[in-house]
Amino acid sequence: MIALIGLITLTLVAVAAIATVMATNLFVASMWFGIFSLLMASNFFILDAADVALTEAAVGAGVSTVLFMGALALTGEKEAIRSRVSWFPMAVLGVLALALFVATFQQPMLGDPMAPVHQHVAPWYLEQTPKLINIPNVVTAILASFRGYDTLGEVIVIFTAGIGVLSVLSFKPKGRQSVSSEALAAKVRGVQHHSILRVVGKLVIPLLMLFALVVQFHGKYTPGGGFSAGALFAAAVMLYGILEGADRSAKAMPEKVMLRLAVFGATLYTSVGLVCMLLGGAFLDYNVLWPDPVVGQYFGILLVEFGVGLTVTTVLVMVFNAFANRPTY
Amino acid sequence: MMGTIFDWLSGLLLVAGGFFVLVGGVGVIRMPDLYTRIHAASVTETLGTMLILTGLMLHSGWELATFKLLAILVFLLFTGPVSSYALGNTALLGGLKPELGEQDPPKEGRES
Amino acid sequence: MLIAAGLAILVTMVMATIRGLKGPTIYDRILAMNMFGTKTVLFVAVVAYLYERPDFLDLALAYALINFIGVLAVLQFFQNREARQAVRSTQAVPTTGSDQDGASS
Amino acid sequence: MTLLGLYNYWIFILLLIVGLYAVLVKGNYVKRMIGLGIFQSAVFLLYITMDKVEGGTGPIMQGVPEPGQLYANPIPQVLILTAIVVGIAVTALGLALAIRIREEYGSIEESDIRRLDHES
């Protein structure tokens, strides 16, 4: 029965993807992309990946729609229709599709317990997590402890992307007059004149922030962790920016502070690793943080996840503020 | 004994919720213009949601999950109608006219 | 019963997709997206019980809180669009001919 | 039923091709970023398809796990969990570049930008 449900959602995913690409209006395309991501998250959930579904929910349905809307407001929403499509990319795509299709017949079936991927280190992680780390969520254990090195790299990538956005948008075009954000703000009130939306929205913001904190700090026991919590918290700030105006959200979350907090988050992660080295362990080996290694793991994961959450939140908030407060040229 | 009553009740609520969700879905396809479609979609967002989530609450019994379901229900009841309102309002301000029937409705009462 | 409810939700999702594909106006697509948001919450809740893992309801909670934001962002964009164009046409110095909103098709 | 076990892979291929099509063929930069997003999601789907174990459940243990309890493979989940957030950060960077290009050239269509580069 679940298999049938999976089939239907997967087919809907395919339909949504094709509709996304076919739409000539970029606004409609990003709408379809939102639907696509909701369906994708349902699929992840059906495939037993609750943590991934939570992250996809926070990122796909909330943050990415907001960012696409912010970008489209600055770039325009119509796509030029190309009449002539050269044969070369189509040929490449056709060959690729054919090759992949043939290759699928050698893939293990969905859910095959004998698949090679289940034979390697995964059983060891599942077996040892209760003993070594003693937290129920194995995904968090692997993310923050067993494979902490990998996650550190990802955090640095996110941080770098945030810096990249800020530096790209720090240039101003020369010799062109801008529509200042004040002039725009006077005209553009967005949803701010809707009292109902503001009242209900303000009701949602604190709950969303609270929920983000639960996901952050309770992520060892339930689906969650720094990445999803960061995206949820950023979504709360974005909601505030949409309801009250982006200038206010930039005032509440100034870029300077956000940048420092992002640096702090990444540094916190690294310095936990360095402290472990100073105490005589390996880099990111939390066992040495406390006399009892399991407690050491607990504190290590707590601190590292906090660093991740801080960096993700601040980077996403910075990007949102940079997009939403960009004057129109 | 109580357990079975709750099971029956929860099954009934779930089926009823599924029915109303389905009715709303049909309405979204069949209705002639945007405003009536919003109307149909609202059925799924309030009545269908309420019935399904209440059914799940009865199914789960007295647990933490019940409170989570209650929270979900409250959020959906707040946000669903509000976003419907916002959509209708935006469409109206954006210049989309509701498709009204003729001034004297035809005797058969068929739409458009 | 859970399966019946789950299938009903799925069929409604299919219907919302059809409306989104047909949708004559842009608002119909927003409506489809909005419907998808609520249906996903219900779907996740039902599947959590089908899997007998009610502790995964956190996900449905996250959706219930999040999908409001997407719809609001879309509506804000929509309401700002005309004002933005008006301000742009009165204030910005006209440059090359192909400047109008990238619509040089 | 055996063929249905491969359905996930076929949808993966379809999404990959659709995303790549948007990246290669479409001239609009924002559309390309959307295509890249679909492409990313295709890869996510491939990985998450790998993690499923028949009869298993999500890798979050409830109390003391029973001896025979199967769990989904957590490693692909960890990889994708981080990749999703990295993906949105990269998308944001791409959108920022598109905004800057629009400001300089007045268009985000590749054909227009080629023409303007050629003229100057």
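# Chain contacts and helix packing in a predicted model

The count between chain C and chain B is two salt bridges, a salt bridge being a side-chain nitrogen of Lys or Arg within 4 Å of a carboxyl oxygen of Asp or Glu. This is a predicted model, in which local features need pLDDT of at least 70 and side-chain atom pairs count only at pLDDT 80 or more, while totals for chains, interfaces and linings use all residues; side-chain values use heavy atoms, with hydrogens and water left out. Residues are numbered from 1 along each chain as its sequence is written, and chains are lettered from A and ligands numbered from 1 in the order in which they are written. Among the five pairs of chains that touch, chains A and D make the most contacts, where contact means heavy atoms within 4.5 Å.

**Chain C with chain B**

- Chain C brings 39 residues to this contact and chain B brings 42 residues.
- The two chains bury about 3,600 Å² between them, 78% of it on carbon and sulfur atoms; buried area is the accessible area (1.4 Å probe) that two parts lose on being put together, summed over both.
- Eight residue pairs, both at pLDDT 80 or more, are in polar contact across the interface of chain C and chain B. A polar contact is a pair of N or O atoms within 3.5 Å; within protein, one must be able to donate a hydrogen and the other to accept it, and residues adjacent in sequence count only if both atoms are side-chain atoms.
- Helix H1 (2-22), helix H2 (26-50) and helix H3 (57-91) of chain C each supply at least two residues of the side that touches chain B. Helices (H or I, at least four residues) and strands (E, at least two) are DSSP runs, numbered from the N terminus.
- H2(C) provides the largest share of that side, 13 residues.
- The side of chain C that touches chain B divides into 28 nonpolar, five polar and six charged residues. Ala, Val, Leu, Ile, Met, Phe, Trp, Tyr, Cys and Pro count as nonpolar, Asp, Glu, Lys and Arg as charged, and the others, Gly among them, as polar.

**Helix packing**

- The axes of H2(B) and H2(C) come within 11 Å and cross at roughly 10°. Axes are lines fitted to C-alpha atoms, for helices over the stretch in contact, and angles run from 0 to 180 degrees between N-to-C directions.
- H2(B) and H2(C) are therefore roughly parallel; angles under 35 degrees count as roughly parallel, over 145 as roughly antiparallel, 65 to 115 as roughly perpendicular and the rest as oblique.
- Residues making this contact include Arg37(B) and Glu45(B) of H2(B), and Asp28(C) and Lys39(C) of H2(C).
- Within chain B, helix H2 (residues 34-60) and helix H3 (residues 64-93) pack at an angle of about 180°, their axes 9 Å apart, which makes H2(B) roughly antiparallel to H3(B).
- The contact of H2(B) with H3(B) has 17 nonpolar, eight polar and one charged residues.

**Chain D with chain A**

- In this pair, 78 residues of chain D are in contact with 96 residues of chain A.
- Chain D and chain A bury about 7,900 Å² between them, 78% of it on carbon and sulfur atoms.
- Two salt bridges are counted between chain D and chain A, and the side chains of Arg326(A) and Glu103(D) meet in a salt bridge (2.6 Å, N to O).
- H3(D) gives the most to the side of chain D that touches chain A, with 26 residues.

**Chain A, and a pair without contact**

- Chain A has 13 helices and zero strands, and its C-alpha trace spans about 60 × 50 × 40 Å along its principal axes.
- No contact joins chain B and chain D, whose closest C-alpha atoms lie 14 Å apart.
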